[in-house]
Amino acid sequence: MILKRLVTSSVGRKTIVAVTGLLLILFIIAHMLGNWNMFLGPDAMNSYAEKLQSLGGLLWIARIGLIVIFVLHIFFTIQLNIENKQARPIPYKKKDYVRATLTSRTMAISGLLILAFVIYHLLHYTLGIVQPETFKANLTDSLGRPDVYMMVIYGFRNPLISLSYIIAMLLLAMHLDHAVQSVFQTLGWTTKNIFPKLIRFSRAFAIFIFIGYTIIPLSVMLGIIK
């Protein structure tokens with residue numbers, strides 16, 4: 001009954017978008033911090049990857065759960081976007097102080113493009129369908145662990161792969177610039193007085209995430225990580 005109310009009411013759907021968005025933001029931060037093991041060297045990165053792989057079935061449950069959350073987030077975002085165009089704008093829980101910007105108007109499109117990239121990213125580094133030669137080579141380090149460190153380097157040495165990654169991270173940053181504001185508003189965590197500060201925080205956070213992710217392919221291409 002509660003679930004039915006959530007998906008059939010405008011406020012409920014906005015809440016689903018906000019909660020799933022918050023979960024995705026937390027994942028984005030955790031994934032970025034994990035990626036930074038590349039700067040600590042092969043042992044740190046391969047140890048991190050080994051710990052994740054040791055989760056076994058739980059890791060795949062987490063991956064599938066993440067994709068489900070992502071799909072729900074995009075589905076209800078698009079649905080709300082369509083409803084907004086067909087009727088009067090659906091208000092936030094608190095009064096809406098957001099001005100229409102490029103990022104706010106393209107949230108559904110950027111979300112779909114990011115989902116497409118996530119699928120591509122899984123095909124690349126998880127399933128080995130992109131650049132299968134690195135997986136067929138069965139790269140292992142001196143301890144016999146899958147050499148994820150070298151897989152990442154081989155991947156980002158390809159300029160097209162690095163460029164696609166950087167573009168995807170730019171889209172993600174644009175999406176986050178508005179998404180963080182929306183999450184706080186929908187969940188009633190802001191007021192008119194502090195909203196200007198929230199806008200600045202959202203912009204700074206988006207830039208931080210963009211730099212935090214793109215610094216890895218750039219470091220590989222520049223030979224800093226090798």
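## Aromatic pairs and a helix crossing

A search of the whole structure, which is a predicted model, finds 8 aromatic pairs.

**Exercise 1.** Determine how the rings of W36 and F208 are arranged, and where the two residues lie in the chain.

*Solution.* The ring centres of W36 and F208 are 6.2 Å apart and their planes stand at 90°. Planes over 60 degrees apart count as edge-to-face, so the pair of W36 and F208 is edge-to-face.

**Exercise 2.** Classify the pair of F117 and Y120, and assign each residue as buried or partly exposed.

*Solution.* With 6.2 Å from centre to centre and 40° between the planes, F117 and Y120 form a tilted pair. Both residues belong to helix α6 (residues 107-126), where being 3 residues apart separates them by about one helical turn. Because buried means under 20% relative accessible area, F117 at 12% counts as buried, while Y120 at 26% counts as partly exposed.

**Exercise 3.** Describe how helix α2 passes helix α10, and which classes of residue make up their contact.

*Solution.* The axes of α2 (residues 10-35) and α10 (residues 195-221) come within 10 Å and cross at roughly 35°, in a left-handed crossing. Residues of α2 including I25, I28 and M32 meet residues of α10, among them F205, F208 and I216. By class, this contact has 9 nonpolar, 3 polar and no charged residues.

Methods: Residues numbered from 1 in each chain as written. Predicted model: local features only at pLDDT ≥ 70, side-chain atom pairs only at ≥ 80, totals over all residues. Heavy atoms only, no water. Axes fitted to C-alpha atoms, helices over the stretch in contact; angles between N-to-C directions. Helix = DSSP H or I, 4+ residues; strand = E, 2+ residues; numbered from the N terminus. Left-handed = near helix turned anticlockwise from the far one by under 90°. Contact = heavy atoms within 4.5 Å. Nonpolar A, V, L, I, M, F, W, Y, C, P; charged D, E, K, R; others polar. Phe/Tyr/Trp six-rings, centres within 6.5 Å; stacked < 30°, edge-to-face > 60°. Buried < 20%, exposed > 50% of the residue type's maximum accessible area, 1.4 Å probe, protein only.
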